[in-house]
Amino acid sequence: MFQTHREFDAHELVATCFDARSGLNAIIAVHDTSAGPAMGGCRIAPYQDMDAALTDVLRLSRGMTYKNIMAGLPYGGGKAVIVADPKAQKTPALITAFARRVGQLGGTFVTGEDVGTTVEDIQLMRQVTPHVRGIPENGPGDPSPMTALGVFCGIEAAVRHRLGRGDLAGSSVIVQGLGAVGFRLAELLHRAGVRLIISDLDPQRLTAARTAFGATIIEPDRCHAAEADVYAPCAMGGGMNARTIPELRVAIVAGAANNQLSTPTDGERIASRGILYAPDYVINAGGVISTALEGPGFDRAILLARVKRIATTLEEIFGRAAGQKLATSQVAEEMARERLVIARTRATQT
Ligand code: NAD
């Protein structure tokens with residue numbers, strides 16, 4: 001049944017997880033384990049139906065394969081989604097039942113925090129299975145600060161490439177979504193002398209950001225159309241589509257949100273407008289790098305160096321895209337697939 005789904009891409013394993021007692025209704029998707037165990041977060045969201053949940057988990061798990069391989073991590077790609085309202089339906093029994101299913105996979109899938117899950121949830125999962133990451137005692141904990149730092153370095157690289165500016169002072173950036181990543185990103189940008197335009201659905205976050213950074217607030221449904229140097233989507237995915245792309249008034253799209261492109265051709269649509277797009281799974285890898293490096297011997301200096309290397313990968317993508325007259329999304333996918341072929345060849349030889 002999964003094989004006929006439009007988002008199915010030779011995923012190695014797709015498992016449904018039901019538990020009547022706790023109300024668990026989840027899907028775990030392992031896309032590829034050639035480079036190592038599949039690693040990806042556990043998302044809890046009130047999906048409209050199972051098809052929406054399946055679409056999300058298949059796309060997100062493939063995205064994790066690309067993200068991990070482009071970040072040079074010894075992990076494959078996987079993801080889990082739990083169909084529930086995290087505010088109303090998340091219970092310790094639900095989290096524990098999910099962790100049991102992760103444990104049953106014996107380490108093929110390693111999970112962590114994502115939208116709808118917290119560090120406390122991950123700590124609870126850890127009591128049931130060792131196959132979770134993002135435990136504060138073992139390293140950096142919350143991955144969001146490193147995601148924000150990676151996005152910041154990526155914005156610097158994009159501004160250098162597209163606008164020829166050596167630093168961000170005096171540039172303008174729209175930050176959509178002031179959550180765990182977006183707020184920290186806004187802080188880094190503010191410190192670098194950036195003029196900020198911000199939007200969020202939560203008025204408290206807006207007020208906090210306006211007070212802290214002197215930012216200009218814009219309505220959520222119009223923020224993609226504001227005029228600035230950079231648009232940084234840091235809320236939900238799918239924001240770049242046939243309706244929004246023609247309305248963009250920026251030189252660069254570079255933000256943390258996963259699955260920013262509504263369809264693969266939206267990458268080409270952005271490029272055809274002369275706008276530089278930083279592929280999401282490359283620029284937002286700081287969190288997964290942070291998670292992958294946790295454990296005994298964790299070294300913060302090594303983590304920072306690895307996160308800053310995101311800028312180097314982006315420079316390579318921007319350079320190849322310019323040279324080959326391709327969209328950056330196409331080049332990133334090409335590079336990820338090249339690396340995957342190498343990983344698969346190595347995996348079959350060992
Ligand atoms: P979060 O839930 O903490 O924050 C999201 C914020 O976006 C919230 O403040 C929410 O109110 C706001 N928002 C939602 N819809 C909006 C809209 N239409 N307009 C404006 N604001 C809106 O999430 P996060 O952890 O900051 O992650 C943000 C994005 O980055 C997500 O797409 C996530 O998948 C991605 N991401 C996060 C990490 C990480 O380390 N947290 C890593 C990689 C990718």
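By the ring-centre rule, how many aromatic pairs does the count come to? It comes to 2, with rings of Phe, Tyr and Trp (its six-membered ring) pairing if their centres lie within 6.5 Å. This is a predicted model, where local features need pLDDT of at least 70, side-chain atom pairs count only at pLDDT 80 or more, and totals for chains, interfaces and linings use all residues. Residues are numbered from 1 along each chain as its sequence is written, and side-chain values use heavy atoms, with hydrogens and water left out.

**View A. Phe 183 and Phe 213 form a tilted aromatic pair.** Their centres sit 5.2 Å apart, with 55° between the planes (under 30 degrees is stacked, over 60 edge-to-face, the rest tilted). Phe 183 belongs to helix 5 (residues 182-191) and Phe 213 to helix 6 (residues 203-213), so the pair ties together parts 30 residues apart in sequence. Helices here are DSSP runs (H or I, at least four residues), strands likewise (E, at least two), numbered from the N terminus. Phe 213 is buried at 9% relative accessibility, while Phe 183, at 22%, is partly exposed (buried is under 20% relative accessible area, exposed over 50%, partly exposed in between; 1.4 Å probe, protein chains only).

**View B. Helix 6 has Leu 206, Ala 209 and Phe 213 as its buried residues.** They cover an arc of only 70° around the axis, so they share one side of helix 6 (the arc is that of directions from the helix axis to the C-beta atoms). These buried residues pack against helix 5, strand 8 (195-199) and strand 9 (216-217), contact meaning heavy atoms within 4.5 Å. Turned away from that buried side are the exposed Pro 203, Gln 204 and Thr 211.
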